[in-house]
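This report goes through one structure, with the sequence and the coordinates shown together.

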Amino acid sequence: MTPRIKLPETREAVTAPDRLAGVGTIDQIIADIDQIRLLGAEAVVLDPFHGDVTEIRQPERAWHTLAAVAAYHRSQEDR
């Protein structure tokens, strides 16, 4: 199983009961990925594209989110 989650990072925590995995702050996204791994996924596809083509003109935010998630998981592997 290799789930794909979208990564709409937010500055504030998303507290809605219907929040999807990958939506929210970096901490929420990291916790979601950890939960998905606990369910048996060895990999997760992180999709920073949300359907708005203007996003691809300014990819910095997506790169920031991807880099933060990668840095967290690298730090966990070093433990």
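Predicted model: local features only at pLDDT ≥ 70, side-chain atom pairs only at ≥ 80, totals over all residues.

In soluble globular proteins, nonpolar side chains tend to be buried together.

Apart from neighbours within four places in sequence, L7 is in contact with G22, I29, L46, D47, P48, H50, T65 and L66.

## Largest pocket

The largest pocket has a volume of about 290 Å³. It is lined by 14 residues, and P48, H50, E55, Q58 and A62 are the closest to its centre. By class, the lining comprises seven nonpolar, four polar and three charged residues. Two of the residues closest to the pocket centre, P48 and H50, are also among the contacts of L7.

## Confidence

The mean pLDDT of the protein is 90, and 99% of the residues score at least 70. Confidence is highest in helix α1 (residues 26-38), with a mean of 94, and lowest in helix α2 (residues 60-77), with a mean of 87.

## Two residues of helix α2

H73 belongs to helix α2. Its relative accessibility is 11%, so H73 counts as buried, the cut-off being under 20%. Leaving out neighbours within four places in sequence, the contacts of H73 are I33, D34 and R37.

Y72 counts as partly exposed because its relative accessibility is 26%, which falls between the limits of 20% and 50%. With neighbours within four places in sequence left aside, Y72 is in contact with I30 and D34. Y72 and T15 are 57 residues apart in sequence, and their C-alpha atoms are 22 Å apart in space.

## The loop between β1 and α1

R11 lies in the loop that runs between β1 (4-6) and α1. Is R11 buried or exposed? At 74% relative accessibility R11 counts as exposed, since the cut-off is over 50%.

Not counting residues up to four places away in sequence, R11 touches T25 and R61. R11 and G24 are 13 residues apart in sequence, with a C-alpha to C-alpha distance of 7.5 Å.

Notes: Residues numbered from 1 in each chain as written. Heavy atoms only, no water. 1 Å grid on protein atoms, 1.4 Å probe; cavity = no way out; pocket = protein on both sides within 12 Å on 5 of 7 lines; lining within 4 Å. Points joined across faces, edges and corners; volume = space filled by probe spheres on them. Nonpolar A, V, L, I, M, F, W, Y, C, P; charged D, E, K, R; others polar. pLDDT = per-residue confidence, 0-100. Helix = DSSP H or I, 4+ residues; strand = E, 2+ residues; numbered from the N terminus. Buried < 20%, exposed > 50% of the residue type's maximum accessible area, 1.4 Å probe, protein only. Contact = heavy atoms within 4.5 Å.
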